[in-house]
Amino acid sequence: MGYTKILSKLQKLSEEKDEEAMKMKTIRENELREMAEEDYKSAQLKKDGDRICLDSGANAHMFSNPALVEDVQKTKRQSTAVVANGNRIRSDEDGRHRLAGRVKMYPDLNCNVISIGKLSKERNYTTILKEGIAYIIDEKDVLMEIGYQ
């Protein structure tokens, strides 16, 4: 077999492999989207404390609902945060969230906040906001989460 034919065959195999990988990624994205849509439709959000808001201006992950966080523990030092309306809120607990990692607990907060910047910096996640849907993707291009407006 000639050199050109070998290169052509290798290129075709590479394209087929890329095409198969794209199909698998699309299938996975569709499955996750369907699961998220079902969860979203069936969720009975009783208060804003059950919601998680993505915030591009937040410099920390801040949660008020301990049910959304694991391993909540008292901290040695109290933290203070200034929220959008200028009020100061205090925290003396932190915990771990499955997507955000370490979070501070602020019981006086109206909702739970995940910092887009912190996701990028600490977890190397990419957040894409498109047509009212947020896609959070890890460093291996695996879709980690889908959120809705």
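Predicted model: local features only at pLDDT ≥ 70, side-chain atom pairs only at ≥ 80, totals over all residues.

Tutor: Residues are numbered from 1 along each chain as its sequence is written, and side-chain values use heavy atoms, with hydrogens and water left out.

Student: What pattern does the protein chain follow along the sequence?

Tutor: Helices (H or I, at least four residues) and strands (E, at least two) are DSSP runs, numbered from the N terminus. There are 2 helices and 9 strands in the protein chain. Reading along the sequence gives α-β-β-β-β-β-β-α-β-β-β.

Student: Is aspartate 94 buried or exposed?

Tutor: Buried means under 20% relative accessible area, exposed over 50%, and partly exposed in between (1.4 Å probe, protein chains only). Aspartate 94 has a salt bridge to arginine 102, and arginine 102 is partly exposed at 48%. With a relative accessible area of 15%, aspartate 94 is buried.

Student: How many residues apart in sequence are the parts that aspartate 92 and lysine 74 tie together?

Tutor: A salt bridge is a side-chain nitrogen of Lys or Arg within 4 Å of a carboxyl oxygen of Asp or Glu. Aspartate 92 and lysine 74 form one, with their closest N and O atoms 3.3 Å apart. Because aspartate 92 lies in strand E4 (residues 88-97) and lysine 74 in strand E3 (residues 70-82), the parts tied together are apart in sequence by 18 residues.

Student: By about how many helical turns are lysine 118 and glutamate 122 separated?

Tutor: Their side chains meet in a salt bridge, at 3.0 Å from N to O. Lysine 118 and glutamate 122 are 4 residues apart in helix H2, so the separation is about one helical turn.

Student: Where is asparagine 124 found?

Tutor: Asparagine 124 has a positive phi, near 60 degrees, and is a residue other than glycine. At 47% relative accessibility, asparagine 124 is partly exposed. Its place is the loop between helix H2 (116-123) and strand E7 (126-130).
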